[in-house]
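Here is a short report on one protein model. Look at the structure first, then read on.

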Amino acid sequence: MTPVLRVENLTRYFGGLRAVHEVSFDVAPGELKALIGPNGAGKSTCFNMLMGQITPSAGKVELNGEPITGLPPREIWRRGVGRTFQITGTYQSMTVAENVQMALISHHRRLFSMLPYAYRLYREEAMALLDVVGMAQQADRACAILAYGDLKRLELAIALAHKPTLLLMDEPTAGMAPRERIALMQLTADIVKERGISVLFTEHDMDVVFAHAHHIMVLNRGELIADGTAAEVRSNPHVQEVYLGG
Ligand code: ADP
Ligand code: MG
């Protein structure tokens, strides 16, 4: 089976700093895969290269067997790579549903001059997505008054509006309380299962990672030192030494 994502020898230097060095891995269809590692390991740099935000110094990225290395972010997004943004990704003055409707309008490339019509057209689809993330009750509330955890779930609905085949989530649970973290990852795991999409995520909370990820990769000083199941990664002496501290 062709992997959704294939990364080969991905490398990025910042001046003399080797932020990411010859990283290679695959993400299979329907896989929930974690990329973990200490601060400064190169996780965000990897994500930014996958999204086209940063140009690789070397290496290759393929999406569904097609090269996407060096393409601009908009083009990579168009080909089905979604990502969750920070809170700035939502329009604070709009309601929860309107934010999702806006994302649907953008996905279907409706003209903005047709806005009132398009809004009505996508209300139902937006409500279905809000239902998926458990936000239907809050559809008509203004985003500005949402709790942080709810904003995160809204972000997920916005990302899903684009119908990605691969979703990249860089620290999706940052700033959330432990209970909320587990709930958001459980929700993500359910979505992966139901929709068959692939998700690559970073996360600091090891309980969350080991509970939900199908496979776990460990990055240390820009190098991938492990890629396997939770049991394999846990028992890897190199990982224990540099990361898990024991
Ligand atoms: P992580 O997300 O794993 O914490 P990052 O990818 O953000 O790690 O950073 C990896 C390394 O690259 C760090 O040493 C960081 O300081 C450096 N770095 C990241 N972005 C830049 C940049 N734009 N310019 C220079 N150095 C950077
Ligand atoms: Mg980071």
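Which residue stands opposite Leu200 in S8? Leu168 does. Keep in mind that this is a predicted model.

## The sheet

Six strands form an open sheet with mixed pairing. Their order is S6-S7-S8-S3-S9-S10. Strands S6 (81-83) and S10 (223-228) stand at the edges. Each has a single partner strand, so one side of each is left without a neighbour in the sheet. On average, neighbouring strands are turned by 20° against each other, direction ignored.

## Strand S8 and its partners

Strand S7 (residues 166-169) pairs with S8 in the parallel sense, over four bridges. Strand S3 (residues 32-36) also runs parallel to S8 (residues 198-202), and four bridges join them. In that pairing, Leu32 stands opposite Val199. Lys33 has Leu200 as its bridge partner.

Between S7 and S8 comes helix H6 (residues 178-195); the three make a right-handed β-α-β unit.

## Inside S8

In a regular strand, side chains alternate between the two faces of the sheet. Ser198, Leu200 and Thr202 point one way from S8. Val199 and Phe201 point the other way. Five of the five residues of S8 are buried, so S8 is largely enclosed by the rest of the structure.

## Around ligand 1

The residues around ligand 1 include Phe14, Leu17, Asn39 and Lys43. By class, this shell has four nonpolar, six polar and one charged residues. Strand S2 (17-27) and helix H1 (43-50) each supply at least two of the shell residues. The largest share, three residues, comes from H1.

How values were computed: Residues are numbered from 1 along each chain as its sequence is written. Chains are lettered from A and ligands numbered from 1 in the order in which they are written. This is a predicted model: local features need pLDDT of at least 70, side-chain atom pairs count only at pLDDT 80 or more; totals for chains, interfaces and linings use all residues. A residue is near a molecule or strand if its C-beta atom, placed from the backbone, lies within 6 Å of it. Ala, Val, Leu, Ile, Met, Phe, Trp, Tyr, Cys and Pro count as nonpolar, Asp, Glu, Lys and Arg as charged, and the others, Gly among them, as polar. Two strands pair if DSSP finds at least two bridges between them. Axes are lines fitted to C-alpha atoms, for helices over the stretch in contact, and angles run from 0 to 180 degrees between N-to-C directions. A residue is buried if 20 or more other C-beta atoms lie within 10 Å of its own, exposed if 12 or fewer, and partly exposed in between; C-beta atoms are placed from the backbone. A crossover is right-handed if, with the strands pointing away from the viewer, the path from the first strand over the helix to the second runs clockwise.
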